[in-house]
Amino acid sequence: FKRIAVIGLGKSKEFNLDKVRTLGIKLYRKLKVLKNVKKIGTILHGAGIAGLDPELCAQMFSEGLMSASYEYNKYKTKPQEPKFSELVFCEIDKKHFTAAKKGIKTAQILAEAQNSARDLINEPAMFVTPQKIAEIAKSIKGVKTTVYSKAQAKKMGMNAFLAVGEGSVNPPEFIHM
């Protein structure tokens, strides 16, 4: 590696999985100001002397990196390129590799879900209608989803819910997942 980043982790007694996630966030923020960083190599923080679960350590670090890298680019003429394309965990204990792979996969799923939610939040409200959100909710695989119409919500006595959408041209959709 051409560059090495040293980031303080705080007091060892206070080190936990949340600190591992924060480390990923801090590292990404540092990468934003550096040029031409394509590959990151790191140890599996927390899985060694801290004795934390290696799967969760890989997950938390990866989640931190991925959540910090989020940018809403839909309306930008020139979206920002990803800062890096490869993350390498350097680990002596071979048993940790399988666990780390599972943790990274979980982090990818969670980060993609989080970033999809962030995209919805950043999208103008005129495009994110109750019908659009219901459509998205129904498209999520592995989750049983029921969408209740305005009439069904009225029948169930959901008056406070219905009052919120009274001023909208879009009819309300109550989504139960």
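**View 1. Residues at the contact of helices α1 and α2.** Leu 17, Val 20, Arg 21, Leu 23, Gly 24, Ile 25, Leu 27 and Tyr 28 of α1 are in contact with Leu 56, Cys 57, Met 60, Phe 61, Glu 63, Gly 64, Leu 65, Ser 67 and Ala 68 of α2 (contact: heavy atoms within 4.5 Å). Sorted by class, this contact comprises twelve nonpolar, three polar and two charged residues (nonpolar: Ala, Val, Leu, Ile, Met, Phe, Trp, Tyr, Cys and Pro; charged: Asp, Glu, Lys and Arg; polar: the others, Gly among them). The model is predicted: local features need pLDDT of at least 70, side-chain atom pairs count only at pLDDT 80 or more, and totals for chains, interfaces and linings use all residues. Residues are numbered from 1 along each chain as its sequence is written, and side-chain values use heavy atoms, without hydrogens and water.

**View 2. Packing geometry of the two helices.** Helix α1 covers residues 17–33 and helix α2 residues 54–68; their axes lie 7 Å apart, at an angle of about 35 degrees (axes: lines fitted to C-alpha atoms over the stretch in contact; angles: 0 to 180 degrees between N-to-C directions). The crossing of α1 and α2 is right-handed (the near helix is turned clockwise from the far one by less than a right angle).

**View 3. The helices within the protein.** The protein contains six helices and four strands (DSSP runs numbered from the N terminus: helices H or I, at least four residues; strands E, at least two). From the N terminus, the order of elements is α-β-α-β-α-α-β-α-α-β. The C-alpha trace spans about 60 × 40 × 30 Å along the principal axes.
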